[in-house]
Amino acid sequence: MNRKVLFTMILASSLGACASTGPLTGADRDKHGCIPSAGTAWSNVKQACVQPWKEGIRLTQTAQAGRAQFAAYVILSADGTRAEVFTKDGSQVLVRSFTEDGPQWSGKKVLLKRLPAAWEMYENGVLSYRAEQAQ
């Protein structure tokens, strides 16, 4: 009988130690049904949950000595008239126009250019992200 009690106590304490104190990955959903802990975000351009790093064009932050480097991701609408930019600060939808240098998408304080050999993103007129190859 003592062995049975001892076994039950050990089993109970082991299971208690395995209990999670926070929400499980995938248990969180936003108002669109996207799962932020799994890396999904709502895309206004696609009207769906997306994983920007998988579906988007990766732009690398321009060098800033002594500061952390981040990436931005661009997802284009099917017809290319809109571009949604995902950064560490959130997302923003930009609208396309044409210049003699090629297409560009603009929004509040953000300008995205597609050049023959690169993508460039400007924030407040300053080059902040770039991708060396046009994708």
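**A chat about the fold**

Author: Let's start with a pair: Leu-112 has Met-121 in strand 9 as its bridge partner. Keep in mind that this is a predicted model.

Reader: OK, and how many bridges join strand 8 to strand 9?
Author: There are 6 bridges between strand 8, residues 110-115, and strand 9, residues 118-123, and the two run antiparallel.

Reader: What do the 8 strands close into?
Author: They form a barrel with antiparallel pairing, in the order 3-4-5-6-7-8-9-10. On average, neighbouring strands of this sheet are turned by 30° against each other, direction ignored.

Reader: Zooming out, how many helices and strands does the protein chain have?
Author: It has 2 helices and 10 strands. Starting at the N terminus, the elements go α-β-β-α-β-β-β-β-β-β-β-β.

Reader: New topic: where does Gln-51 sit?
Author: Gln-51 is in the loop between strand 2 (48-50) and helix 2 (52-55).

Reader: Why does Gln-51 count as buried?
Author: Because its relative accessibility is 19%, and buried means under 20%.

Reader: Which residues does Gln-51 touch, leaving out those up to four places away in sequence?
Author: Those are Ala-38, Gly-39 and Thr-40. With Ala-38, the Gln-51 side chain reaches the backbone oxygen at 3.2 Å.

Reader: And what share of the protein chain's 135 residues is buried?
Author: Buried residues make up 30% of them. As for the surface, the accessible area of the protein chain is about 9100 Å², with 56% belonging to carbon and sulfur atoms.

Terms used: Residues are numbered from 1 along each chain as its sequence is written. This is a predicted model: local features need pLDDT of at least 70, side-chain atom pairs count only at pLDDT 80 or more; totals for chains, interfaces and linings use all residues. Side-chain values use heavy atoms; hydrogens and water are left out. Helices (H or I, at least four residues) and strands (E, at least two) are DSSP runs, numbered from the N terminus. Buried means under 20% relative accessible area, exposed over 50%, partly exposed in between (1.4 Å probe, protein chains only). A polar contact is a pair of N or O atoms within 3.5 Å; within protein, one must be able to donate a hydrogen and the other to accept it, and residues adjacent in sequence count only if both atoms are side-chain atoms. Contact means heavy atoms within 4.5 Å. Two strands pair if DSSP finds at least two bridges between them. Axes are lines fitted to C-alpha atoms, for helices over the stretch in contact, and angles run from 0 to 180 degrees between N-to-C directions. Accessible areas come from the Shrake-Rupley method with a 1.4 Å probe; for residues, only the protein chains shown count as cover.
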